Amino acid sequence: MAKYVLRESALHLLTRIGEQGGYSHVLLDQEMNKRSLSNKDGALLTEIVYGTLQNKRKIEFQIQLYIAKQKKIKPWVKWLLYMSVYQMLYLERVPDHAVIHEAVEISKTRGHKGIASFMNGVLRNVQRKGVQDPSTIDNKVERLAIETSHPTWLVSRWVEQYGWELTAGMCTQNLKRLPMSVRIQPLRISRAEAMAELKERGITGKESVLSSQGLLIEEGRIIDDRLLTEGYLTVQDQSSMLVAEMMDLKPGLTVLDACSAPGGKTTHIAEKMEDQGSVIAYDLHDKKAKLVDDKAMLLQLQSIEAKQADSRRLHELHKNESFNRILLDAPCSGLGVMRGKPDIKYHKNESDIIALRNIQDELLDSVAPLLQVGGKLVYSTCTVDRHENEQAVEHFLQQHPEFEIDPAFAGSLPEELQDSVGHTEFGLQLFPQQWDTDGFFLTRMVKKH
Ligand SMILES: C[S@@+](CC[C@H](N)C(=O)[O-])C[C@H]1O[C@@H](n2cnc3c(N)ncnc32)[C@H](O)[C@@H]1O
């Protein structure tokens, strides 16, 4: 069997993600399982793939002088260049000569001598002469976009919506690794018990202030720890944990989770209700609805029923006023989760935001009649965009005078969030730099009559 070359895996993944729109986290997971990589190799592969994607636009700018003359570069050659430059400029532990040698060898095997010599030439130039400095770009928005590898349209849209300071903070934060955070299953283990057991295996963490069930991992590898694989803990960003915290839940309620897969929030809802009552969870895709079942089973929760349905047609399945609580964790542009899914930076555009907003409006309209009077509707997204967030809520309230923002919403947020800059009359926008979380929006409405 030919020797496994980690950088060939990295190149294969980057070309698929970059050219065919594959999801970085899904493809990386598949590759690591297929190759049964050691922890060390898995970490290096992840670093190269994520780092190259996160910094792609900047790298393109940095080396443009050296490749300008070359008319048409094949996609894989381009990605091999980007990942090699990423390692040379951003990864101290990998020596330049090793990176250049391997890139040239891969060029020979996958291409021919000409490509190998082009590769060698560009990388040697980077090594000897250095790279073009993006801080020399005059236009402020363009400079920020290139320095932090975001699309210019997005930076400009964010500056218009949130101002320069919040935008610059968000773009800079998006280059940093998202910390691992987990949620305890409180019916099986307490936060103190989980922390004590993890500590025995060298995994340390601290308590989240955004959720009483949250734990932020500071040191150690938790991903294959028994507490996770046996369903005492589940991986979830702290911002997502806020959702069930804010649903005003208690045992015995009937709850609809209209867009539920893979079930992070569905299971949290069931935990908050002490697994008593009923959580009906839908997702558009059958396969995804099964993921919710799997998660419920792993966490040993019985009160969840997960099914496939288009939640724009739930009136065909449920009578009006059937639910005490409804969660609409809507499909969205995902502009808040680019740290974990850097491919979003390059694949989304403004027309996606418009198209998604139409679906969000339809979903909100469709679930509204299913809520009982006095019941609460929580709307959330993992995006940072007023059109999908505050404006979607404003539009909904105009169309549905029977709803209002729950007057108790803001006051029931964790103390730390009370003075957050992201508050508006329509809900709370969390920016990734505030709590080192995903960018996230949530609000709670109540049905008055
Ligand atoms: C943001 S994700 C939900 C994440 C989930 N709430 C969690 O915490 O694990 C949005 C989900 O909505 C689903 N979806 C999209 N359109 C839908 C529709 N019309 N009806 C039901 N589900 C839909 C997608 O398949 C996707 O799984």
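How many residues surround the ligand, and which of them are the closest? In this predicted model, the ligand is surrounded by 18 residues, and the closest are Cys259, Gly264, Leu284, Ser311 and Asp329. Two or more residues of this shell are given by each of two elements, helix 14 (264-272) and strand 6 (278-283).

Cysteine 382 is placed in the loop that lies between strand 9 (371-381) and helix 18 (390-399). Cysteine 382 counts as buried because 25 other C-beta atoms lie within 10 Å, where 20 or more are required for that class. When residues up to four places away in sequence are not counted, the residues that Cysteine 382 touches are Cys332, Gly334, Gly336, Val337, Asp438 and Phe440.

With regard to the overall fold, the protein contains 19 helices and 13 strands, and its C-alpha trace spans about 70 × 50 × 40 Å along the principal axes. The radius of gyration of the protein is 24 Å, which agrees with the value near 22 Å that a compact globule of 449 residues would have. Of the 449 residues in the protein, 44% are buried. Among the contacts in the protein with a separation of 6 or more, 72% are accounted for by residues 24 or more positions apart.

Methods. Residues numbered from 1 in each chain as written. Predicted model: local features only at pLDDT ≥ 70, side-chain atom pairs only at ≥ 80, totals over all residues. Helix = DSSP H or I, 4+ residues; strand = E, 2+ residues; numbered from the N terminus. Buried ≥ 20, exposed ≤ 12 C-beta atoms within 10 Å, placed from the backbone. Contact = placed C-beta atoms within 7 Å. Near = placed C-beta within 6 Å. Rg over C-alpha atoms; globule rule 2.2 N^0.38 Å.
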